[in-house]
Amino acid sequence: MPLSLYDTATRAAREFIPITPGHVGIYLCGATVQAPPHVGHIRSGVSFDVLRRWLTIRGYDVTLVRNVTDIDDKIIHDAGHEDIPYWQLAMRNERAFTRAYDVLGCLPPTYEPRATGHVPEMIALMQRLIDLDHAYSVNGDVYFDVRSFEGYGSLSGQRIDDMLASPDSAAKDKRDPRDFAMWKAAKPGEPLWQTPWGPGRPGWHIECSAMAGKYLGEHFDIHGGGLDLIFPHHENEIAQSKAAGGDFANFWMHNAWVTTAGEKMSKSLGNSLLVDEVVKRIPPVELRYYLVSAHYRSMLEYSDVSVSEAGQGYRRIEGFLRRAHELLGGTPALLEVDLAARPSAFDEAMDNDLAVPQALAVLHDIVRAGNAAVAEQRIDDVREAFCATLAMLDVFGLNPWDPQWSTGQAGSTDRATEVIDALVQVLMTQRQEARVRKDFAAADAIRDGLDLIGIRIEDTAQGARWTLEK
Ligand SMILES: [Zn+2]
């Protein structure tokens with residue numbers, strides 16, 4: 001079955017055929033670094049990380065470009081309030097985004113260009129659009145003439161006459177109130193760059209056209225972003241890039257929002273939903289599982305209850321892997337896990353526009369069957385379920401043996417953890433021997449000593465097990 005992806009531009013899923021065989025170029029609109037990210041900001045990074053991993057597993061060499069918008073009205077305004085340069089505020093927030101992508105296991109993009117590093121490319125593109133009479137400058141601003149581009153509004157399904165005036169400026173000298181600003185003339189005290197039309201700074205839309213063209217060429221496979229970017233941002237990117245002569249993106253993919261109380265998650269909810277804060281309450285691997293588990297085009301209603309339910313789902317998978325691992329013995333490497341050992345129903349779901357909920361249903365069926373096999377000590381069936389589960393988790397970047405998720409529990413591949421595990425095993429054996437000779441004071445002392453450094457001993461039917469308290 002071929003891979004099909006939903007294309008916002010045609011409002012249908014269709015077969016994905018790359019422009020260059022074996023290669024896929026993706027441009028993903030990244031963060032506008034006005035503030036540190038909350039859970040809603042990070043969903044697109046996670047969704048497109050799953051797409052990138054799936055394409056890689058399907059044998060494609062993927063180039064992922066995710067930009068950083070490091071200048072805009074709010075960044076300039078907020079930096080002014082703090083009495084610091086705009087770049088200081090932008091860099092602080094960019095670091096917070098990088099931390100959030102990293103803690104949630106998103107692979108770094110191939111390129112991560114910043115808007116302010118690409119002003120010459122923007123000037124060249126604007127000059128070309130002016131030469132072709134698709135753009136014009138007024139008092140140092142540069143506007144795109146939307147009526148000059150046939151097809152303006154097609155991505156968002158609007159007719160020009162039904163659109164409101166572009167909100168980014170109220171220039172009375174615009175040819176049409178819907179014309180949007182690509183470049184903004186400098187106001188007193190604002191950062192500026194010199195251009196043929198006077199000093200100013202980038203608007204938002206021009207940077208993505210310029211950077212997509214630079215890193216992926218005039219025609220590339222997939223352009224992505226959040227649903228809220230379809231209009232005006234992506235509509236304007238298409239107008240700029242196609243009017244300049246390029247074919248631009250073959251597929252337009254948009255992820256839905258994380259909502260709270262039915263609304264798009266907003267900053268007004270305070271700091272408790274910042275990724276930096278949430279990962280103090282919820283293990284990052286469980287937060288990733290939660291974000292991955294819904295279809296990328298479905299809204300995800302955030303609540304502590306829904307995240308903790310997702311966490312339970314992930315822990316059920318982990319629990320099976322741990323029991324299977326104990327029964328099979330050895331490390332995953334020794335077991336020669338075949339990471340291509342996925343059930344075909346799983347692959348079919350992923351090929352169907354990344355139908356993760358259906359793919360996860362296959363995974364949970366395997367886990368249920370695997371648990372039954374563990375209970376009945378059917379070793380071959382346990383091994384098969386163990387390998388299939390790891391192979392499927394790998395697609396989502398959720399393999400618990402990945403050093404990314406090292407929690408200090410049995411199963412980590414980290415050398416220091418192996419040593420700690422061996423030491424704790426020695427103490428647990430001594431404790432067991434003390435209990436056998438009924439020296440309960442000595443047994444309790446060992447347990448209490450471990451407790452003091454955060455190591456909890458749990459007695460199970462398979463013997464004692466330890467976990468590291470967070
Ligand atoms: Zn963009």
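1. K438 counts as exposed, with 9 C-beta neighbours inside 10 Å. K438 is in the loop between α13 (415-436) and α14 (440-452), and its phi is positive, about 60 degrees, although it is not a glycine. Most residues other than glycine have a negative phi, and most peptide bonds are trans.

2. On numbering and source: residues are counted from 1 along each chain as its sequence is written. The model is predicted, so local features need pLDDT of at least 70 and side-chain atom pairs count only at pLDDT 80 or more, while totals for chains, interfaces and linings use all residues.

3. N139 is another residue with a positive phi that is not a glycine; the value is near 50 degrees. N139 lies in the loop between β5 (135-138) and β6 (141-144). N139 is exposed, with 9 other C-beta atoms within 10 Å.

4. The overall picture is as follows. The protein has 14 helices and 15 strands; these are DSSP runs numbered from the N terminus, helices being H or I of at least four residues and strands E of at least two. Its C-alpha atoms fill a box of roughly 95 × 55 × 35 Å along the principal axes. Of the 470 residues, 41% are buried. Among contacts between residues at least 6 apart in sequence, 71% join residues at least 24 apart, a contact meaning that two C-beta atoms, placed from the backbone, lie within 7 Å.

5. Two strands are said to pair if DSSP finds at least two bridges between them.

6. Within this sheet, β3 (residues 23-28) pairs with β4 in the parallel sense over 6 bridges, and I26 stands opposite L64 in β4. β9 and β10 also pair in the parallel sense, over 7 bridges; the bridge partner of I222 in β10 is F251. How many residues of β10 are buried? The count is 7 of its 8 residues, so the strand is mostly covered.

7. Axes are lines fitted to C-alpha atoms, for helices over the stretch in contact, and angles run from 0 to 180 degrees between N-to-C directions.

8. α6 covers residues 230-243 and includes P232. The peptide bond that joins F231 and P232 is cis, with omega about 0 degrees.

9. A second open sheet has 3 strands in the order β12-β11-β13, with mixed pairing. β12 (263-264) and β13 (300-301) are its edge strands, each pairing on one side only. β11 (residues 258-260) and β13 pair in the parallel sense over 2 bridges. In β13, L300 is the bridge partner of V258.

10. Which angle do α8 (residues 284-293) and α9 (residues 304-328) make where they pack? The angle is about 105 degrees, and the axes are 8 Å apart. That makes α8 roughly perpendicular to α9, because angles of 65 to 115 degrees count as roughly perpendicular, those under 35 as roughly parallel, those over 145 as roughly antiparallel and the rest as oblique. On the α8 side the contact residues include Y289 and Y290; those of α9 include G311 and G313.

11. The protein is divided into domain 1 (303-405) and domain 2 (415-468), bounds that come from an automatic or database domain assignment. Taken over C-alpha atoms, the centres of domain 1 and domain 2 are separated by 28 Å.

12. An unreviewed UniProt entry places the feature "domain: Cysteinyl-tRNA synthetase class Ia DALR" at residues 345-404. UniProt positions are given in the numbering used here, feature names are shortened, and annotations may be inferred rather than shown by experiment. Over residues 345-404 the chain is 73% helix and 0% strand, with the end C-alpha atoms 28 Å apart.

Terms used. Buried ≥ 20, exposed ≤ 12 C-beta atoms within 10 Å, placed from the backbone.
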